[in-house]
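Biologist: I have a model open and some questions about it. Can you take them one at a time?

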Amino acid sequence: MSVNNNTLNNLIDSESRALAPAAVGSQVALMSVISVVTIISFNLLRPKNKIIYEPKVKYHVGDKPPPRISDSLFGWLPPLFRTKEPELVDKLGLDAVTFLRFGRLMRWLFTGVTLLTCGILIPVNAIYNVKEVTSGNRDILSILTIRDVSGKILFVHVAVSYLITFLIIGLVYIHWKKMVELRRQWYRSPEYVQSFYARTLQVTQVPKKYQSDEGIRAIFETYKVPYPTTSVHIGRKVGRLPELIDYHNTTVRELETYLVKYLKNGTIGKKRPTIRIGGSCGCGGQRKDAIDFYTEKLKRTEAAIEEYRNQIDTRKAENFGFASMAAVPYAHIVARQLRTKHPKGTDIALAPNPKDIVWENMNKSPAEIRAKRMIGFLWLALVCFFNTVPLFIISILANLNAIKSFVPFLRSWASASPATFALVSGVLPPTVSGIFGFFLPVIMRWLSQFMGALTHSKLDRQVIAHYFAFLVISQLVIFTLIGVIFNAAEEIVSEIGEDSFKDIINNLNTLPSVINATYINQSSYWLTFFPLRGFLIVFDLAQILNLVWISIKTRLFGRTPRDIREWTQPPEFQYAIHYSNTLFMASVGLVFAPLAPLVALAACIVFWMSSWVNKYQLMFVYTTKVETGGRLWNLVINRLMFLVVFMQALLVLTIGLQLGFRTFYWVSTIPPIFIVAIFKIYLNRTFNDQFQYYTPTDEELRAAKVHSERADHKGNRLERRFGHPALHTELFTPMLHAKMMPLLSQVYRGRIGKDQAKLDEYGGQKMEAQVVEGGIKIAAIEQRDLEYDPALYRRDRGELDWDARSIASTTLMNDAASIAPSQMQGGASLPGYDKYLASGPGAYELSRLDSQQEPLLSGKIYEGMYPSQNSLSMPPAIPYVDTRSNTPVSQYPPQPTRQYTASPQAQYSSRPSPHQDSPSQLYPPQDQNMAGRGTYRG
């Protein structure tokens, strides 16, 4: 070997330790300077680019604009300090407030952890190292860590770990309690109470013989739920229609892109754009005219969708359905009672917002979901396996100081230019890690959807679970193991040629100290990781890449009207990615807090930065895709509790390696693990039910807004709200800038006609259009209409849009009895209502009334309206019991004992449902748009 053992040891023990602090310092300095420059750029760019930095000032839901913000250099800071949580709940929604509260929990948690570790452990570590460790075996970073500390002084670290555990338990309890209170307020908010989905139940895994409207109704009747359903709806098969619609809309986007590119700046391009069909990597295949290709493709897809919609049999049922209840509390009580019952083999739960549903997964059978999950986990394992390649690269880059002795190029570089070597060794590892980690969330989300998630919020929960586990296993566990193996191999290699094989084997007893030193030394890498994370947070605030990309795209390719409209809307906040990154930073900070306190300090600084930056982003830039009421809180707190156990487990290993496992001193670090487990059980029993379900009081049950069965049936509310979007969605109409429209005669052959196109993108507004070959309409969009209309944005984003329309249609149809008489204007009550309140419902409570103003206890009913009810009498009342107090809560309205008579399955399975309308009844003609052509066939 070219370098003898003594030389190697000198290099490792002296030079590498001298360079490691320099590498960390260079990374911290570089990222700090770049972050300051980025913040200055943001302050200069913000006043002139408000559509990027403050889109929610123009686009907000309802009458809830964000606070006014000044154009001064730091005018965006005062609103962040002045705006408190109650106002944020009203303006941003509970999902955003939950994320911000979790950020506050992290920043105050790590503030406390930093005070404990830096205030207690750093002085202990420094004093011990100065006294007991020679100057040649320590550096400015190592003396602040637990690496060389031994003896009973280590019990100070154990005591601090107890304090950290109790600090986390206290903060989590305070925030959990506040989150339950916020959740209760959300359940009682007008936005939730007035939403139709809030009083709807979702029924999945419906057996074949119950796959009808009457089958769904029978499932509830058989179980004798305390409150009857007001309407039911079984899902309908749509076949490949959603796929065809997506295919069509993608084709429209491609056609618009090539038209704008060809007609950029209002002039005909020199060459018509072309596209290669077939081949791969730009080789082979056939080159065709792109505009002609996509125009012909659009004609074919329109014809295919029109034919498919005409032939589709919407009476074929799926294995899922929905049932609406008369009031929001009723739905929650029934869902709570049926969550573990699985009547007739079904799963019944609260229905999600229809905008949240992943429709393609709704009809998957349990066997299909199991198969997809198994394949998905295999893919996850494969991704983890291949991720070891970049991890190995990062590990090598993080140990450049150690391997430079074996690589002449690195050795000469380090000798010639120590500053640049330190800079590269500090900046390169976290940068490479960030690049490789950019695509992981996308992969995780795709795999989660493939594995059968039913809603986008469920996708977020699975992405957080999978991505967080992936980061911890790969970035912490595997990365550390690679470092341990690397250093152990280095130790053995350094002895080959110098010692005999027997001596090498005998020296293996030094491996525990090597392992211990390795993962503690890796704290230097994480000290370079956090400055990069801080810069990325500030970089996301400045959105420089977005500005640069839009500028390049506008100047080189041009932007379609659709691109501009979508770009002007506030983007959606990616909660899953931000939660995962926050949890991973917390995992690094907590795991190394007792071992290397500076890591906890770095994490604390980044959490304070991210807390304020995220508050600005959610107040002025980003919006929530679908409001779930902070549903992710429980999930992220569970991961935080796991991190406390992980921190203690690593401390157990450290104490065992430092003092020896035979001494059993390591047992003193185990109790916090059991304390956390007991605390978690307490949280589940105390808060889970209150968090997941609306638990009404007796007074709230009496005051609940009760909707009538007739109103739900009359407007087909359930079918319209929870019918598959593909059955009624309108197709994209090709759009082009108005100044480019006169040039279409030079683009297309043949006669071009003039017409009008009704655009759903513009709220059904009719625009001037030209009809090109094949009957394709291309709408002309004026410059003033390019940006998204704020009024349309409020309509499309409002959670109550469907319900508001239903209420409006109820008003038009004079359905004054659609809600309980106590909710009518002026407080007027129907004849007999007071008597009803005093004595309770009669025998025909569930029957439909003969007129809108008829007394509630009238005996006249529609005969034969619901065949399945001919065999139905009143089911027994099931008292709702609050599980916390075991005290029955009286129901409103109270119900006497009812009994069911046996009804053969054929009564509802073979007979068509009375509400099972034909396609034309479910979706009446509404001047539907098929890319500008009226192709709807009712």
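Biologist: Which residue's side chain joins Arg 46 in a polar contact of 2.8 Å?

Modeller: This is a predicted model, where local features need pLDDT of at least 70, side-chain atom pairs count only at pLDDT 80 or more, and totals for chains, interfaces and linings use all residues. Residues are numbered from 1 along each chain as its sequence is written, and side-chain values use heavy atoms, with hydrogens and water left out. A polar contact is a pair of N or O atoms within 3.5 Å; within protein, one must be able to donate a hydrogen and the other to accept it, and residues adjacent in sequence count only if both atoms are side-chain atoms. At 2.8 Å, the partner of Arg 46 is Glu 54.

Biologist: Is Arg 46 buried or exposed?

Modeller: Arg 46 sits in the loop between α1 and α2 (50–53); helices (H or I, at least four residues) and strands (E, at least two) are DSSP runs, numbered from the N terminus. Beyond its neighbours within four places in sequence, its contacts include Tyr 53, Trp 76 and Tyr 616, where contact means heavy atoms within 4.5 Å. Buried means under 20% relative accessible area, exposed over 50%, partly exposed in between (1.4 Å probe, protein chains only). Arg 46 has 0% relative accessibility, so it counts as buried.

Biologist: How many aromatic pairs are there?

Modeller: Rings of Phe, Tyr and Trp (its six-membered ring) pair if their centres lie within 6.5 Å; planes under 30 degrees apart count as stacked, over 60 as edge-to-face and the rest as tilted. By this rule the count is 44.

Biologist: What is the geometry of the aromatic pair Phe 102 and Trp 633?

Modeller: The pair links distant parts of the chain, with Phe 102 in helix α6 (residues 94–132) and Trp 633 in helix α26 (residues 633–659), 531 residues apart. Both residues are buried. The centres are 6.2 Å apart and the planes lie at 90 degrees, which makes the pair edge-to-face.

Biologist: How far apart in sequence are the parts tied together by Phe 110 and Phe 607?

Modeller: Phe 110 and Phe 607 form a tilted pair, 5.1 Å centre to centre, with 35 degrees between the planes. Both are buried. Phe 110 lies in helix α6 and Phe 607 in helix α25 (residues 597–621), so the pair ties together parts separated by 497 residues.

Biologist: What percentage of the residues in the chain is buried?

Modeller: The chain has 36 helices and twelve strands. It counts 938 residues, and the buried share is 53%.
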